[in-house]
Amino acid sequence: MLVESFIKYIRYELNYSACTVLSYNNDLKQFKEFLTGGASEFDAQSVTTNDVRAWLANVASSGCSMRTVKRKLQAVRAFYKYLLRKNVIEANPAMEVETAKVPKRLPDCVKMENVERLFDKVERSDDFEEVRDRLIMLMLFTTGIRRGELVGLRDRDVSANELKVHGKRNKDRIVPFGPELSEEIANYRAIRAAQVGETEMFFVRSNGEAVYPTLVYRLVYKELSEVGGCSRYSPHVLRHTFASAMLNNGAQLNSVKELLGHESLAATQVYTHITHRELKSNYEHAHPRALKKGG
């Protein structure tokens with residue numbers, strides 16, 4: 001019951017995302033099964049620091065990445081922090097456990113010349129799905145919203161020049177956009193009205209049902225893999241590309257933070273490393289003495 005109570009707490013009081021809630025629930029279930037050997041009873045109060053270390057060692061030996069191991073440790077730490085608040089335990093057995101540092105990985109971005117190819121290669125069409133798919137790609141790149149936020153857009157959330165986005169932890173934000181996306185939205189709405197009819201959700205399939213995350217992922221993967229220019233092809237890559245492009249073109253870091261819906265500047269600052277990397281690359285390719293010894 002303690003695990004179930006904790007899961008309800010992070011879902012309904014802390015407003016953690018559905019993805020995080022599911023991950024933490026699975027992690028704690030795995031932790032419980034490791035300690036009990038699959039038995040139903042779980043004595044959370046008797047768990048020691050060595051128990052946590054033994055479980056993480058088992059997880060690592062199964063082939064999980066260090067990033068996954070770190071997340072599982074965070075789940076256990078959060079669970080026992082919750083038990084401390086409830087006065088169920090006197091000490092958090094996971095607090096003294098350390099894992100190897102996860103190397104920071106810079107986000108993948110699509111090169112701007114490939115972005116141009118991405119949108120220039122699509123011929124104009126009156127086919128509903130083709131118009132919708134083009135708009136999905138353009139909206140992801142133009143606004144930087146997450147896949148889940150795009151799928152969850154209702155028709156009333158989309159105006160002529162801004163989106164009302166329902167983000168992580170049930171926080172809403174307003175994301176403005178320019179005339180190109182505005183024109184594409186008007187065109188999509190007209191074709192949708194003629195071929196599908198009125199809908200509550202903004203992005204829908206030809207049967208009027210809302211698009212789903214896998215559909216969006218497959219679309220983005222297909223389109224990005226055709227133009228290339230990055231090592232991964234996913235909706236989040238377009239979000240990274242949006243952020244990097246904004247900073248490269250003079251946007252203030254705090255403004256990009258608000259557009260992305262980040263909790264803190266720390267999450268946004270990773271994109272400054274991308275712009276620095278691009279500046280260094282441009283310098284090395286352009287300056288006549290950049291690659292000379294001592295230049």
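**Figure 1. Overall view of the protein.** The protein exposes about 17,100 Å², and carbon and sulfur atoms supply 49% of that area. The model is predicted. Its fold has 13 helices and two strands. Of the 295 residues, 39% count as buried. Among contacts with a separation of 6 or more, 59% join residues 24 or more positions apart.

**Figure 2. Cysteines Cys-19 and Cys-64.** A search of the whole structure finds zero disulfides. Cys-19 is exposed, at 59% relative accessible area. Cys-64 is partly exposed, with a relative accessibility of 30%.

**Figure 3. The salt bridge between Asp-27 and Arg-71.** The structure holds 13 salt bridges. In one of them, Asp-27 pairs with Arg-71, and the closest N and O atoms are 2.8 Å apart. Asp-27 sits in helix α2 (residues 18-36) and Arg-71 in helix α4 (residues 66-85), so the pair ties together parts that are 44 residues apart in sequence. Asp-27 is buried, at 1% relative accessible area. Arg-71 is partly exposed, at 29%.

Figure 4. Arg-132 forms a salt bridge with Asp-133; their closest N and O atoms are 3.0 Å apart. Arg-132 is buried, with a relative accessible area of 3%. Lys-171 forms a salt bridge with Glu-263, and here the closest N and O atoms are 3.0 Å apart. Lys-171 lies in the loop between β1 (162-166) and β2 (172-176), and Glu-263 in the loop between α11 (253-260) and α12 (265-268), so this pair ties together parts that are 92 residues apart in sequence. Lys-171 is partly exposed, at 46% relative accessibility. Glu-263 is exposed, at 52%. Elsewhere, salt bridges that share partners join Asp-27, Arg-71 and Lys-72 into one network.

**Figure 5. The largest nonpolar core.** This core has 48 residues. Met-139, Ile-145, Phe-202, Phe-203 and Leu-224 have the most contacts inside it. The elements giving two or more residues to the core are α5 (112-120), α6 (128-143), α7 (147-151), β1, α8, α9, α10 (235-248) and α11. Helix α6 gives the most, with nine residues. In soluble globular proteins, nonpolar side chains tend to be buried together.

**Figure 6. Ile-145 and its neighbours.** Ile-145 is among the residues with the most contacts inside the largest core. Leaving out residues up to four places away in sequence, Ile-145 touches Met-139, Leu-140, Leu-150, Leu-153, Leu-163, Val-165, Arg-173, Val-175 and Arg-239. Another core, of 27 residues, lies apart from the largest one. Its members include Ala-44, Val-59, Val-76 and Tyr-80.

**Figure 7. Ala-210 and its surroundings.** Ala-210 is found in the loop between α8 (179-195) and α9 (213-227). Ala-210 is partly exposed, with a relative accessible area of 25%. Not counting residues up to four places away in sequence, Ala-210 touches Met-201, Phe-203, Val-204 and Arg-205. One of these, Phe-203, is among the residues with the most contacts inside the largest nonpolar core. Ala-210 and Val-151 are 59 residues apart in sequence, and their C-alpha atoms are 7.4 Å apart in space.

Note on methods
Residues are numbered from 1 along each chain as its sequence is written. This is a predicted model: local features need pLDDT of at least 70, side-chain atom pairs count only at pLDDT 80 or more; totals for chains, interfaces and linings use all residues. Side-chain values use heavy atoms; hydrogens and water are left out. A disulfide is a pair of cysteine sulfur atoms within 2.5 Å. Buried means under 20% relative accessible area, exposed over 50%, partly exposed in between (1.4 Å probe, protein chains only). Helices (H or I, at least four residues) and strands (E, at least two) are DSSP runs, numbered from the N terminus. Contact means heavy atoms within 4.5 Å. Accessible areas come from the Shrake-Rupley method with a 1.4 Å probe; for residues, only the protein chains shown count as cover. A salt bridge is a side-chain nitrogen of Lys or Arg within 4 Å of a carboxyl oxygen of Asp or Glu. A nonpolar core is a set of buried Ala, Val, Leu, Ile, Met, Phe, Trp, Tyr and Cys residues joined through side-chain atoms within 4.5 Å.
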